[in-house]
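Hi,

Here is the structure I said I would pass on. Have a look at it first, then read my notes below.

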Amino acid sequence: MSSSFANFGNELYSGKRSYNFVGAKKVWFLIAAVAVALSILIPVAKGGFNLGIEFRGGSEFTVSNVKTTDAGAGEQAVQDVVPGAIPRVANVAGTTMRIQTDKLTDDETLKIKAGLTSAYGVTDNEVTSTFVGPTWGADVTKQALIGLVVFVLLAAVLMALYFRTWKMSLSAVSGMLVTMFITAGVYALSDFEVTPSAVIGFLTVLSYSLYDTVVVFDKIRENTAEVSASTRRTFAEEVNLAVNQTLVRSINTMMVAILPVGAILFIGAGLLGAGTLRDLSLALFVGILIGTAATIFVAAPMYAWLRQNEPGLVKQAKRVEQRRAGNTDRADASAASAGA
Amino acid sequence: MARTGPKKAGLRVLVWLGVVLAALTAVLAAGTIAGQASWSPKLALDLEGGTQMILAPKVEGGSDINEQQLNQAVAIIRQRVDGSGVAEAEISTQSGRNVVVSLPGTPSTQTRALIQASADMNFRPVLLNGAGAAVPAESLTPVDQLPKPTAEPANSSDVNWITPEVYGAFETLDCDNPSQDKQKRSDPTKPLVTCEPATAKTPALKYILGPVEVKGTNIVTSSFQLQRGSQGAVTNQWAVNIQFDGEGTAKFKEVTQRLNQFYVAAGGESGNDPKAQFAIVLDDQVISAPRSLAVITDGRPQITGNFTEQSAKALSDQLRFGALPISFDIQSEQQISATLGGEQLRMGLLAGLIGLMLVVVYSLFQYRALGFVTIASLVVAGALTYLAIAILGWTENYRLSLAGVAGLIVAIGQTADSFIVYFERIRDELREGRGLVSAVENGWKRAKRTVLASKAVNLLAALVLYFVAVGNVRGFAFTLGLTAIADLIVVFMFTHPTLQLLARTKFFGEGHIFSGLDPKRLGVVPLYRGAGRLRTPEAKPDVVRAKNTGAAAEAVRRMTIAERRLAEKQEQLTGSSNGAAKENK
């Protein structure tokens with residue numbers, strides 16, 4: 001298996017084995033477009049994202065003079081009334097418990113209050129409830145969005161300067177946007193609550209997505225640096241070859257990145273159920289998969305597509321075709337070549 | 001010499017890495033011995049718990065706080081907390097009335113003062129100023145010579161405000177060693193004796209100020225810019241612009257009319273009557289006391305002086321953000337336990353470990369012995385990151401939340417990617433038929449560019465989000481930047497030098513089957529195959545000139561059917577977009 005994988009790498013490098021990522025771009029673009037459209041439709045159909053208490057605020061219960069400080073008792077009391085809720089239970093100053101949940105109806109509030117009273121063995125007037133505002137307020141979201149926009153703009157400029165072409169920037173950012181939409185769409189589909197951890201995971205994915213694209217694009221830059229002086233391959237073929245040559249690294253990197261995340265998602269979250277780890281690792285798991293795929297299937301083909309109609313490259317493609325035609329009819333072609 | 005060059009260089013770099021690690025360990029050890037740092041990283045609120053403070057806002061005039069003011073208060077407290085380090089605090093509102101601040105650990109008195117402090121900003125006219133030092137006891141003005149008011153003060157600039165008590169307080173006030181105790185908020189209708197703290201460029205000053213003339217709430221906004229000269233050309237002097245609302249405009253006009261008279265009477269530019277100055281007072285401290293050079297009628301004064309870009313920005317920010325007429329009473333301050341049980345951290349770490357084991361297995365499977373270089377590099381990166389986190393926990397109050405721990409585990413992927421890019425480049429070079437030593441050097445030259453360019457993206461994300469974002473996002477950006485830097489250090493100072501050395505060993509250099517760099521497994525066809533046979537390049541880079549078009553087209557036409565099929569098949573194999581070929585047919 002390992003040896004065949006090495007062989008796989010060798011064949012990809014020499015071009016003996018090649019996957020037509022660039023040529024079949026219409027198929028990939030169509031799939032990406034459908035996936036993005038679905039990712040926008042799903043949250044809309046479900047009535048928006050399921051935002052957590054950190055974003056919307058919620059109810060807070062304070063239980064004083066508790067007999068036990070077991071957090072599980074409080075969680076259970078809330079879940080008995082609102083199944084699937086993820087309350088945040090903390091012990092405050094020794095004998096007081098603080099239980100925070102999503103917004104509750106009056107009826108639910110009363111039921112939970114009764115549940116907490118018996119769970120912690122206190123009297124009625126030792127349980128108070130109040131409303132808490134979001135910890136992730138509008139100001140945090142606003143600043144994060146500003147930061148994100150500034151980052152993407154600066155990254156686009158940085159890439160345009162480094163690669164000396166804005167077309168690579170545009171392709172890389174497009175790939176990132178596809179990753180962003182699909183990851184958000186899958187998260188909405190999972191119906192997990194959106195927590196600050198999920199947002200952090202999401203930001204990591206954006207940075208990973210651009211990072212991954214830069215690595216592949218650097219190989220494309222290297223392969224296509226002297227494309228106009230060569231008739232070996234057309235520009236699109238050189239791009240495709242670069243993607244194939246970096247395919248082994250893309251797979252290896254994705255595997256190495258996704259193994260720990262997958263372990264957290266499936267083992268950690270499986271054992272613990274809902275919580276910070278599950279939210280974060282789901283966003284990352286989906287994002288790393290989609291981000292790697294978007295580089296190969298969206299960003300690279302898009303770059304080839306953006307440049308294929310440049311006059312210099314059209315001419316070069318023609319020359320490649322002529323050279324190939326010449327090579328097939330060996331004797332005549334070399335004679336013609338020599339004759340010219 | 002040429003052969004030992006890279007080897008020596010490699011060894012030297014490895015020694016430097018050892019020095020860096022030892023230095024970081026020494027710093028942390030020193031901090032631990034001094035009792036300020038600890039060997040383990042500090043944990044954030046969700047994992048360690050901390051202190052919860054419930055703050056009840058006090059609005060000037062006793063009116064109820066509205067939602068907008070409350071949100072503004074939360075934003076301002078968040079800025080203050082963020083400014084004191086990268087600990088992720090939780091700030092929210094309760095019952096639409098109180099602000100709840102949860103901080104990891106036990107907040108210091110400074111942090112507490114910072115949170116409680118209202119941003120009470122106003123403008124007062126200056127009555128008298130002096131050097132910051134307290135007047136020595138022996139040279140204090142005798143009681144009978146203290147200035148005595150002769151009449152009721154007519155306006156805020158009237159020196160009749162200076163009573164013997166006020167003057168006495170002024171003389172004994174020591175602005176060079178200001179006391180940390182926050183005095184009670186001053187009465188806006190009485191004079192105020194206070195300091196202008198020393199800055200890098202100016203010494204501390206002390207002032208007697210008249211009653212408040214214009215309130216900070218009358219400021220609509222503030223900005224800073226390079227001053228324009230009389231010709232409209234930009235000079236290199238920084239200036240701060242203020243814009244008042246209607247009420248502020250009217251009041252400020254009245255003040256500047258009065259103050260400007262003092263300025264003109266004292267001889268304009270060369271004069272030094274303190275009464276021509278108005279002081280911008282934030283939380284009862286003077287942050288700036290410019291002179292009134294003109295009567296401002298449009299409510300848009302411009303403050304000029306010896307500003308640097310930084311100090312202009314600082315003043316402008318203070319003017320803009322400082323106008324919060326709310327102060328806070330700490331209603332309760334309680335210990336709060338971690339919201340996530342220790343179980344979450346344990347499971348997270350366990351899952352992370354299992355993931356790491358999988359990475360180890362995968363690396364060995366993919367890269368054989370070279371996989372050990374990956375693992376060793378990850379270990380070095382882990383050690384660097386751990387030391388950095390522990391040290392930053394001490395100096396910057398950086399704390400690890402569960403999300404941060406997960407972020408670090410994810411960083412493994414991106415760190416390993418640098419090695420993967422590098423190893424694949426070496427393999428590519430080997431496939432081209434190079435020897436291992438030159439493959440390592442050439443592969444590194446190419447991989448270095450890729451690694452730098454891609455890490456630049458990560459660093460950019462970290463920097464931008466760190467400086468722009470607030471709260472949790474800022475903590476995340478810090479972790480992201482930290483791992484990107486650790487990664488760069490490791491790939492430059494460990495992985496590459498190690499490979500330089502390994503390339504010279506027999507095991508790797510001769511491409512042992514388990515080295516992961518076995519030329520045969522990489523499908524290398526040596527350039528020279530003995531007996532004078534050279535490998536033929538796969539395709540000759542023929543340069544076909546435009547003149548050949550006709551001949552080439554003719555050649556296509558003259559192909560036999562079998563040849564044409566073969567040609568088409570080859571094209572499909574190379575995956576070309578064969579639009580151009582069809583045109584020719």
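Helices here are DSSP runs of H or I with at least four residues, strands are runs of E with at least two, and both are numbered from the N terminus.

Before you go on: this is a predicted model, so local features need pLDDT of at least 70 and side-chain atom pairs count only at pLDDT 80 or more, while totals for chains, interfaces and linings use all residues. Residues are numbered from 1 along each chain as its sequence is written, and chains are lettered from A and ligands numbered from 1 in the order in which they are written.

Back to the helices. The axes of helix 11 (residues 436-468) and helix 12 (residues 472-502) of chain B come within 8 Å and cross at roughly 165 degrees. Axes are lines fitted to C-alpha atoms, for helices over the stretch in contact, and angles run from 0 to 180 degrees between N-to-C directions. Helix 11 and helix 12 of chain B are therefore roughly antiparallel, the word for angles over 145 degrees. Their contact has 17 nonpolar, four polar and three charged residues.

Chain B also has an open sheet of three strands, in the order 8-9-12 with antiparallel pairing. Its edge strands are strand 8 (219-228) and strand 12 (302-304) of chain B, each pairing on one side only. Two strands pair if DSSP finds at least two bridges between them; strand 8 and strand 9 (residues 234-244) of chain B have eight, in the antiparallel sense. In that pair, Ser222(B) stands opposite Ile242(B).

Now chain A. Is strand 2 (residues 88-92) of chain A enclosed or open? Five of its five residues are buried, so strand 2 of chain A is largely enclosed by the rest of the structure. Buried means that 20 or more other C-beta atoms, placed from the backbone, lie within 10 Å of the residue's own. Arg88(A), Ala90(A) and Val92(A) point one way from the strand, and Val89(A) and Asn91(A) the other way.

Strand 2 of chain A runs antiparallel to strand 3 (residues 96-102) of chain A, joined by five bridges, with Asn91(A) opposite Met97(A). The two strands form a hairpin with three residues between them, and Ala93(A) in the turn has a positive phi of about 45 degrees.

Cheers

Key. Parallel < 35°, antiparallel > 145°, perpendicular 65-115°, else oblique. Nonpolar A, V, L, I, M, F, W, Y, C, P; charged D, E, K, R; others polar. Buried ≥ 20, exposed ≤ 12 C-beta atoms within 10 Å, placed from the backbone.
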